[in-house]
Amino acid sequence: AHKSAPQTIRRLTWSGDVKNCWADHHFVHFVRKLGNNDVISDAQDVSIMGAPGGLQSTLSGVNRIVQVLIIGQSVSLGAVQLPADLISTTPEDPTRLVMFGGGTRPMDAVLHELAPAYELDYSPTVGTNEDQLYLPGETMDKLVGLKERFIGTVWGETPAAGLGRQLLARLPSTTGILISGHGVGGTPRATYQRGTRMYDNMMRAVARGKAYATMLGFTHRVLAVYAVNGEESQLGTSVATWRDGDVTFQANLDDDIKAITGQPEEVPLVLSQIASWTTQGAATSNIAQGQFEAARLDNTKIMLAGPRYSETHTAADGIHLPADSSKVIGERAGRLIAAFELGTTPEIDMYCTSAVATGTTLVTTWSRDVVLRPDLITGLSAATLGCRVTVTSGSTPTLSNPVVFDDTITWDLSVAVNAGTQNPKFCCADFGTIGDQPGPTAGPRSTITGDSSDEGYDTRDLVYHADTHTIAITN
């Protein structure tokens, strides 16, 4: 049996291709040989004789658990932060907002606390190639009030506390909320697709959430998977590849999570739009456009929770986010997920729905009423607002004299464009100088927003910043 999870059991035996077996916290796990690899699984149809009674949980006054999983790379994990910057050090409401016992990053316990106790032969070694590590039951042994912690040398505030803060404020008081992050730094998107260890770890977290809800007599539903990713794949990815990959990822998540939970409701993939491509050697981003196009296919399956250019990025690399920015992007996702759960019209991100050129006049129509916020996004020309027009032939027009009226902006063009011969595009927040630090004062960005009275952490305005996107201009 696994020595780090002592239990009182009458008998635990195994045979066949099973190499090892252990019990922990109401579950049985086993290791079996599959080719040259050890595969670790939960036994779902085994009852543990004499297992400890009762689940440790801080939930109170609720009758259901809703679950959100976070996946991605190091930005999803609160990387490259300072201990003093940690914000969410105490649970906001432990009776409603919880995490697994291992923390908002359950794998922390494997890498920093439980590793010496393991007898299993992990390959590769614990501490390297974390995307290959199995998420054991000890990291999901209880439900405790969600808070962030600093661990290791760089790992701080994740988006989880911010996301949970908005769900707390918007969902009924009888709703318990379970959030866990399963990303691994430096991993491309392929590393957490169906059939990978990281994907399986997410499914294990779903199974645990479902099982614990059943133990407590609650209903259970997975609300969404929140992806904070793209940095590792910035160069060499086409728009279509990223768009179609997100579509496939969401479809697989939806199928596999429903198979575990039995829920009929859709499991949307919520995206945080990348903004850091100028510090990674590119002037424009195929990933940002791919994320935008994926969300346009069906806004109930894939949703954009706003671009990250609104947030300060870590000066050290221009990729990661400090603690306050990490919390705010989580809040934007939480607002979106709550609207979807409540059955209201899903929150619509801010983008140009049409761009029509007549002579030297361009009328752009937007998904929400337009409010310009040069107080939030600074240093941009009042003539362009962070937007531009591109053509594949002839003279490239410049934008000037924007006039806002409700959900439209009307611009003057320096020269007329022909949609039939020049392939003109209207582009927003899509272009920057290579090497620029992304954020509200430099890099690709726009002052165009769909305003909102919503308020986030530290009285931050949760406005709807215009997505990074490009659409065709028609005549």
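A: Let us begin with two helices: α2 (residues 160–170) and α6 pack at an angle of about 35 degrees, with their axes 6 Å apart. Helices here are DSSP runs of H or I with at least four residues, strands are runs of E with at least two, and both are numbered from the N terminus; axes are lines fitted to C-alpha atoms, for helices over the stretch in contact, and angles run from 0 to 180 degrees between N-to-C directions. This is a predicted model, in which local features need pLDDT of at least 70 and side-chain atom pairs count only at pLDDT 80 or more, while totals for chains, interfaces and linings use all residues. Residues are numbered from 1 along each chain as its sequence is written, and side-chain values use heavy atoms, with hydrogens and water left out.

Q: Which residues of α2 and α6 make the contact?

A: With contact meaning heavy atoms within 4.5 Å, α2 contributes residues including L163, Q166 and R170, and α6 contributes residues including E331, G334 and I337. By class, the contact of α2 with α6 has 6 nonpolar, 4 polar and 5 charged residues, where Ala, Val, Leu, Ile, Met, Phe, Trp, Tyr, Cys and Pro count as nonpolar, Asp, Glu, Lys and Arg as charged, and the others, Gly among them, as polar.

Q: In what order do the strands of the open sheet of 4 strands lie?

A: Strands of a sheet pair through backbone hydrogen bonds, either parallel or antiparallel. Here the order is β11-β12-β16-β15, with antiparallel pairing, and two strands pair if DSSP finds at least two bridges between them. β11 (352–358) and β15 (399–405) stand at the edges with a single partner strand each, so one side of each is left without a neighbour in the sheet. Between β15 and β16 (residues 408–413) there are 5 bridges, and L399 has L413 in β16 as its bridge partner.

Q: How many cavities of 30 Å³ or more does a search of the whole structure find?

A: Rolling a probe the size of a water molecule over the atoms shows where empty space is left. The search finds 2 cavities, a cavity being a set of points, on a 1 Å grid over the protein atoms alone, where a 1.4 Å probe fits but cannot get out, with lining residues having an atom within 4 Å of a point.

Technical notes: On a 1 Å grid over the protein atoms alone, a cavity is a set of points where a 1.4 Å probe fits but cannot get out, and a pocket is an open set with protein on both sides within 12 Å along at least five of seven lines; lining residues have an atom within 4 Å of a point. Grid points are joined across faces, edges and corners, and a volume is the space filled by probe spheres set on the points.
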